[in-house]
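Reader: I would like to learn how to read a model like this one. Please take me through its features in turn.
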Amino acid sequence: MKDLAAPQTRAIGLETVGMTKVFGPLVALDDVSINVAPGSFHALLGENGAGKSTLVKCILGFYQPTRGTILVNGAEARIPTPAAARDIGIGMVYQHFTLVPCLSVAENLVIARGDKAPVIDWKAEKAALTAFMDRMPFRVPLETPVSALSAGEKQKLEILKQLYLNQHFLILDEPTSVLTPGEADQVLGLLRGMTEAGEITVLMITHKFREVTAFADAVSVLRRGRQVGGGPVSEMSTDAMSRLMIGEAEVRPPEARAEGVASDLQLELTALYVDDDEGLPAVEALDLKVRGGEIVGVAGVSGNGQSELVEAITGQRPLKDGRIFINGKPFEATRRDYHGFKVFGLPEEPLRNAAVRRMTVAENIAFRAFDRPPMAGLGWWLKPAQMRRRAAELIAAYRVKTPSTETPIENLSGGNVQRAVLARELSQDVRVLIVANPCFGLDFVSVAEIRAQIVAARNRGAAVLLVSEDLDEILELSDRVAVMSGGRIVHIAPGAEADRQTIGKYMAGHA
Amino acid sequence: MMPEAALQTVLIAMLGGAIRVSTPYLFVALGETITEKSGRINLGLEGNLVLGAMVAYALSFHTGLPWLGVAGAFAAGLVLGLLHGTICSLPKVNDIAVGIALMSFGIGIAFFFGKPYIQPQAPRLEGLALGEWSSNPALRQALQINPLFFLGLVIAVALWWALANTRPGLILRMTGDSEPSARAMGVNPVRVRILATVLGGGLAGIGGSFLSLSYPGSWNEGLSSGQGLMAVALVIFARWNPLRCVWAALLFGAAGALGPALQSVGISQGYYFFNAAPYILTLFIMVASARSGVAAHAAPGELSIVK
Ligand SMILES: Nc1ncnc2c1ncn2[C@@H]1O[C@H](COP(=O)(O)OP(=O)(O)OP(=O)(O)O)[C@@H](O)[C@H]1O
Ligand SMILES: [Mg+2]
């Protein structure tokens, strides 16, 4: 391939001129011109649905812009396909993963290179890959199949892959949402170093101001598809950036925690055992009680059984042993019990776990109630008009940005899928709420909104089980903090007494 | 007859039978493996098998060259595979339905054009006599092994190697496991799937030529007894691994040889029951693998039954 035969060693500069992208009635991008200087670390900010992903997908050749051009190192470039972008030296780390689960790490790297030699000389490749990994500040085991990697490892591998491909312009779409703050600093620090050395240019989409101020040189801000400002990071305060992002919109203040909420509710998990996909134990002998009017936060490093626990409670995974009780009565993850006990849930990755991709926003919002009056008569006669009306109300109330109620939910931006599911789950009388990583990939306005909603549900007497990898979130919201490690609860402390050091130690399994 | 001798006879007959009966299973299973690795299911390989059998027999009869018949069967299988591959690439087409339609189509044209070849005798593919060293006639007979069996073994090993060590092999696995990743890398999944279906169809055609040119070794309309369909179950049992396909095919072959082997020592009671062994085996395998998390895990992620 061209970039391997004559490796380009310099960072690439890139400019978009008047980029516009129209999806049917929706103008997702409107005349956006940003300039990313070679060797700079450029941050792209904007609220959920602002058009950030759309902009970079146009640069990558995934979408063809309706209007506008791209200049690479000052010369106009035509990028009809992602492969063309790769050949120019533009690589992307996506919001969702593009690794092939059944292939090993080494196979994923080698196949990504796209050269034409039919037979792979594994001995030489392995040697080269090991040498490459040795130069990197973090490593991923080469022989492991990607399906067995944790989310953090996958994210690192995505970045390693671009570096391995010798790309000199890296686009990162929310690269740190699945990393711990320590890992995030490590990864971004490495990229920062490479930009300073003039080897690569980075364009990063993020929702975290901390990362912008710590690592980026310049920012551009999008709002509703329009470019509303930008400049060197040194000349902009966090406050100025957030005002550019949301304009006149209000950020919801944190919901005050009501003291002594009276509730006779009790959620009880007793001796739960759950297996992972490979049939190995993921959750073992887990006991946990959550009272009404209380938020119990489960902290833990990703991959310690939290996903399996949530999946088992919500019926996506069989319980190998143990029972769940609500007020002493056994709870099964059936539609009847969900309705009867008023149990609601926000699983992680809502597009996969709580929505049907190709069904419309209205249909997805109706899942909880489509077979009951007023949305259905006689228990089977559906009333789509009612569904649409209710969906429209909730879309307005929860500020879901969608072209219409009839758009397939997969076309919504990541944050708006989350809001749509939230609208469905929180708009009713909630008694038990199971929440997993509710703020992944959300902008600060949505984060404030969702956290306030969770606390409000607690104040109304609901029992809330919050599973999150974001320790700040746990500490902010929880009445009691539990730490999960190796499939067990290893530590429980009242939220007021929980301190970061102790919890960190238990999370790492060192206590 | 002494029970020990009888047992020996049964075992030898089952060994020979397993090798003979397994050959068509093996080819169809390898073909299906290639197709399913690309993320598509071809349920119509039974059609390729029957058409391949007919074409091979007819060509061998007209030219006197059985190997030309094998090549013809391969070609016929390729054409049916191409048909399946292209039809399934149209939007909103279900590969399972198309497979069943093409199965009927393949069997139908094979019967239509095959009428004149039911009576005549065509030259057969001769087996290699590998049992000359033995004085036991039963063993000598069992070790009359057809070269197509070895061809199948070679293809299985080559496929297994290629899936891990060649770029096309990795691209095939990638396309079958995650279409978005394939697209992100500039691979055209539609093309990969058509190629995989074509090649898989060709292999199934070769399996058919074994039926008509070696064992049973004639052409008639009752030639195949659903081997093409059972091979699909076999692929699941083999967890999409070509080497395990060999073992699975031998197991199915042995099950199929059970009835005749018992009959050869005079046990004819329950003959029909023992002849049903492969079907019962299929049923058990389907039930067992439907419950097994491991099989579900090994399945290519893009298969329409997995999604
Ligand atoms: N293929 C598509 N068809 C129709 N509309 C789309 C499509 N892709 C994106 N959109 C719409 O374009 C708008 C911008 O989406 P985009 O994914 O670029 O947002 P984003 O800034 O990346 O948001 P987030 O922070 O939530 O990821 C959204 O309103 C979305 O619904
Ligand atoms: Mg996005």
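Reader: How far does a backbone N or O atom of Asn411(A) lie from an oxygen atom of ligand 1?

Author: First, a caution: this is a predicted model. The distance for Asn411(A) is 3.0 Å, taken from a backbone N or O atom to a ligand oxygen. Gly51(A) places a backbone N or O atom 2.9 Å from an oxygen of ligand 1. For Ala50(A), the corresponding separation is 3.2 Å.

Reader: How much of the accessible area of ligand 1 does the protein cover?

Author: On its own, ligand 1 has 640 Å² of accessible area, and the protein covers 89% of that.

Reader: Which residues are closest to ligand 1?

Author: Gly49(A), Lys52(A), Ser53(A), Thr54(A) and Ser413(A) are the closest, out of 20 residues that surround the ligand. Sort the shell by class next. Eleven of its residues are polar, six are nonpolar and three are charged.

Reader: Which elements of chain A each supply at least two residues of that shell?

Author: There are three to locate: β2 (26–32), α2 (52–60) and α15 (414–426). Helix α2(A) gives the most, with three residues.

Reader: Now the chains. How should I read the size of an interface, and how much area do chain B and chain A bury between them?

Author: Start with the general idea. Interface size is often quoted as the accessible area lost when the parts come together. Here, chain B and chain A bury about 1800 Å² between them. Carbon and sulfur atoms account for 59% of that area. Within chain B, the residues losing the most area to chain A are Arg167(B), Leu170(B) and Met185(B). Together they make up 38% of what the chain B side buries.

Reader: What about charge pairs? Which residues form a salt bridge across the interface of chain B and chain A?

Author: The idea is simple. Side chains of opposite charge can pair when their charged atoms come close. Across this interface, the rule finds one salt bridge. Arg173(B) forms that bridge with Glu107(A), and their closest N and O atoms are 3.1 Å apart.

Reader: Next, backbone angles. Which residues join in a cis peptide bond?

Author: Take the background first. Most peptide bonds are trans, and most residues other than glycine have a negative phi. In chain B, Tyr215(B) and Pro216(B) are joined by a cis bond, with omega about 0°. Pro216(B) is found in the loop between α9 (189–213) and α10 (227–237).

Reader: What is the phi of Asp31(A)?

Author: Asp31(A) has a positive phi of about 55°, though it is not a glycine. Strand β2 of chain A holds Asp31(A). Asn73(A), also a residue other than glycine, has a positive phi near 50°. Look for Asn73(A) in the loop between β5 (67–72) and β6 (75–77) of chain A.

Reader: One last residue. Where is Asp275(A)?

Author: Asp275(A) is in strand β12, residues 266–275 of chain A. Leaving out residues up to four places away in sequence, Asp275(A) touches Leu280(A), Pro281(A), Ala282(A), Glu308(A), Arg317(A) and Lys320(A). Its C-alpha atom is 25 Å from that of Thr180(A), a residue 95 positions away along the chain.

Key
Residues numbered from 1 in each chain as written. Chains lettered and ligands numbered in written order. Predicted model: local features only at pLDDT ≥ 70, side-chain atom pairs only at ≥ 80, totals over all residues. Heavy atoms only, no water. Near = heavy atom within 4 Å. Polar contact = N/O pair within 3.5 Å; in protein donor to acceptor, adjacent residues only side chain to side chain. Areas by Shrake-Rupley, 256 points an atom, 1.4 Å probe, with all protein chains shown as cover. Helix = DSSP H or I, 4+ residues; strand = E, 2+ residues; numbered from the N terminus. Nonpolar A, V, L, I, M, F, W, Y, C, P; charged D, E, K, R; others polar. Buried area = accessible area lost by both parts, 1.4 Å probe. Salt bridge = Lys/Arg side-chain N within 4 Å of Asp/Glu carboxyl O. Contact = heavy atoms within 4.5 Å.
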